[in-house]
Structures are given as C-alpha cells and as structure tokens.
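Please keep the sequence and the 3D view open while reading the answers.

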Amino acid sequence: MSKPNSMLFQCVLGLFLFFGSFSSFSQAIFKGTVADNETGKGIPYATVYLANTTLGTSTDEDGKFSIYLPEGNYEVIVRMLGYQGLTFNLPASTVKSQGYKFMLVPVDEDLETLDVNDKRDPAWYRNLADFKRYFLGTSRNGRASKIDNEMSMILDDISEPGLLIASSKEILKIQNPNLGYRLDYLLNDFRFHYKKGFVTYGGYPLFIPDSSLSRGRQRRVEKNRLEAYNGSLQHFIRSVYIGETIAQGFEIRRLYRKDDPVYAGKFIDSVATEVITSLDIRKNRETREFLELDGYLLITYLLEKESPLYVEGLGREVRKSQTSIMRMTVDSMEIFENGSLSDPFGLVVEGYIGWERVGDLLPIDYLPTTEFKRGVQ
C-alpha cells in the first residue's frame, strides 16, 4: 500500500546514557571523595549520579559519597556549582574497592549572567514556549511537566537562521507529577530546525522519585509509568534485544520512501505487507546484540491506542494502534537489555515515538511488572 505524505516530524532522542544491563543479583560499591583541585579539601554537597537512572547522591560534609551500582556500564556525572564538572564512563565490573578521588577545578562565575528577575523580551518567551513544546512534549505527561528554573535558560534563534538553540548554565529542575519524578537534567544540547521540523537534544538526567506520595497517588503514578513505557522506544529496544517484538505487541514492516515528483518537500511511502521479526534486524556477535537495518521500518504498537492529544490538528480520528517510522544513520549500533543504545544519535524516529519526549521519559532502571526473558520469534 502507498500514500503521499507531507514531511513528518522527526526527532533524534540523543540521551547520553550508560550502555549496559541491570542485574539485581550483582552489585558493586562505587565510593570516593570529591575535592577541590587547588586546596585538596573535600567539597560538601557535590552531586554524583549515573545518567538516566534513579541512582545518585550528594557528598557529605567531607566530600565523601557511596553508590551501589547494579551490574552494567555507566556514564557518571560529578557536578558542583562553581566548579568544572566531570563526566566519565565506568563499567561496574571495573570499580575499584579502594574508592576514587575526583579533583574538581574551580571556575570563575560569569558576572554577566542574566538575573532571574530581569525582564525578557517577547521573543525570549516565544522561544521558551517552543523549547518546552519540543523538549518536554505535548503529551499529557509533557504538558503536566514544569521547569522550575526556566528563567535561567539561554534561548538563541539568531546565531543560525531557522534554528533554535537552547542551553542552560544550571541543571534544569523538571517536575513530572504524572510519573512521580523530579528530573535534574544537565542539558548538553538542544536544536530545533523550524523549516525541517527536526529536533535533536541530549543530556544527562537524574530521576528522583517523589517519596511523599500517598498510596493512592503512588498507584496512579505506577499506572502512568506503565502506560508511558508501553510502546516506547525503550520498550521496543528491549523487545528487540530479547527477541520478542511480536509477543510484546509490536509489528515491524519495511517501509519504502521516495520523493513526491509533484510536490516538493513531500514524499510517497509504500509499506510491505510481510511482518518481520527482531531476528531480521538483531545481530548477535559474541553474546553482544546489535541493531542493523537498511532504509526505513514502520513500527506499529498494537496494544495501546493513540492519545487524542497526538491527533490534534491532524484532521483525523484516534487510531487503535500507535505507528512510528524508524531509520538508522549508522550501519550498526549495539543495543542493551535495559533498552539503551551505544549511539543514541544514530537512530531517527518519526510518528508516535518521536512525539513522546522528556515528559514521557523513564529511567532505564525502570522495570515493568512483566519480567523480560530472552526468547525466540
């Protein structure tokens, strides 16, 4: 079947995650001291966390910290206001029992930083609205999310015409009440191309669960988390890894795209009728799993209907399944049991998965009630 389409919104979800799997049976203790490089004294209240997980802590009054690491490979973030931060990779299997000492280099405060009480011009507020729309998302969870320190953001739509570039000198404090998390999000990069409808963003989020929830509220949060997880990119990659895309509710078909010869900037898609399995796109090499695909895939999640918010402005009714289009910009990338990727920027998604943003993001140590076991399709 084929049909003409206008250019679909595309999104590269480039989270700088750790790349590995979790195991509840094997843990290492990652401990150490964060100290001032000039004085050698410990730095109290510095933040040490594992990107895109719920695992993080603050140093004590002597600059010491300790974190239990499940088995896996982690991106560790060390941050303190007034110091140059550290980011480094740490496999749990290589953690040294004697601990580590991290020497942070002091940096001069920027005296020209705009005060949070200063007025912004109307263009800044328009750019802020665009940033929140394409970063937090327009889903129910995205709309409910709030950035507590949004006035600290630097929003630039002048340096490069047709491009909105966003950054922040502070870690963004994001409240997500629907999913019961506060995110400390170190924004590394955000770029929105107005004409192309293409957004890329990347960063290092720490998920902090809300510990003040009542039992009833916690049940609603758990329901919302499961709903956000089902059909997500994390869910899809996990199902590919274990070889159970069909069992998990996904249908995968080849999609063939060509430019529309009549309307510039549009294209014509044709979809194969044959359903392919994860075995067609997953390659095993020495117990490591890789995602490899040429061209485009149409991903249909059959077990959940579209959100009414997704079809706003599209001029059609809500469909009973969620469809997304996926392609790779690299030849091969390693995938992991927790749903993470060795190269997040190597995967471009359109459609439903591309519509879901940080407001629907879950930590990769999130586990649904159903356990995942490697299977065969």
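This is a predicted model: local features need pLDDT of at least 70, side-chain atom pairs count only at pLDDT 80 or more; totals for chains, interfaces and linings use all residues.

Q: Which residue of strand 19 stands opposite Arg-282?
A: Strand 18 and strand 19 (residues 288–291) are paired in the antiparallel sense, with four bridges between them. Within strand 19, the residue standing opposite Arg-282 is Leu-291.

Q: Which residue of strand 14 stands opposite Gln-175?
A: Strand 13 (residues 172–176) has a covered face made of Leu-172, Ile-174 and Asn-176, while Lys-173 and Gln-175 make up its uncovered face. Strand 13 pairs in the antiparallel sense with strand 10 (residues 146–147) over two bridges, and there Lys-146 stands opposite Gln-175. Strand 13 also pairs in the antiparallel sense with strand 14 (residues 181–193), over five bridges. In strand 14, the residue opposite Gln-175 is Arg-182.

Q: Which residue takes a positive phi in the hairpin of strand 13 and strand 14?
A: The hairpin of strand 13 and strand 14 has four residues between the strands. The residue there with a positive phi, near 70 degrees, is Gly-180.

Q: Why is helix 4 described as largely enclosed by the rest of the structure?
A: Helix 4 covers residues 233–242, and its buried residues include Leu-233, Phe-236, Arg-238 and Tyr-241. Helix 4 is followed by Gly-243, which has a positive phi near 75 degrees. The helix is largely enclosed because the number of its residues that are buried is 10 of the 10.

Q: Is Ser-232 buried or exposed?
A: Ser-232 lies in the loop between helix 3 (215–229) and helix 4, and, leaving aside residues up to four places away in sequence, it touches Phe-250, Ile-353 and Glu-356. A polar atom of the Ser-232 side chain lies 2.6 Å from the backbone oxygen of Tyr-229. Since the cut-off for a buried residue is under 20% relative accessible area, Ser-232, at 10% relative accessibility, counts as buried.

Q: How many residues apart in sequence are the parts tied together by Phe-135 and Phe-190?
A: The count of aromatic pairs comes to 22. Phe-135 and Phe-190 form an edge-to-face pair, with 6.3 Å from centre to centre and 85 degrees between the planes. Because Phe-135 lies in helix 1 (residues 122–135) and Phe-190 in strand 14, the separation in sequence of the parts tied together is 55 residues.

Q: Which residue lies over the face of Tyr-181?
A: Tyr-181 and Phe-207 are both buried. At 4.1 Å from the centre of the Tyr-181 ring, the residue lying over its face is Arg-225.

Terms used. Residues are numbered from 1 along each chain as its sequence is written. Side-chain values use heavy atoms; hydrogens and water are left out. Buried means under 20% relative accessible area, exposed over 50%, partly exposed in between (1.4 Å probe, protein chains only). Two strands pair if DSSP finds at least two bridges between them. Contact means heavy atoms within 4.5 Å. A polar contact is a pair of N or O atoms within 3.5 Å; within protein, one must be able to donate a hydrogen and the other to accept it, and residues adjacent in sequence count only if both atoms are side-chain atoms. Rings of Phe, Tyr and Trp (its six-membered ring) pair if their centres lie within 6.5 Å; planes under 30 degrees apart count as stacked, over 60 as edge-to-face and the rest as tilted. A charge sits over a ring if NZ of Lys or CZ of Arg is within 6 Å of the ring centre and within 35 degrees of the ring normal.
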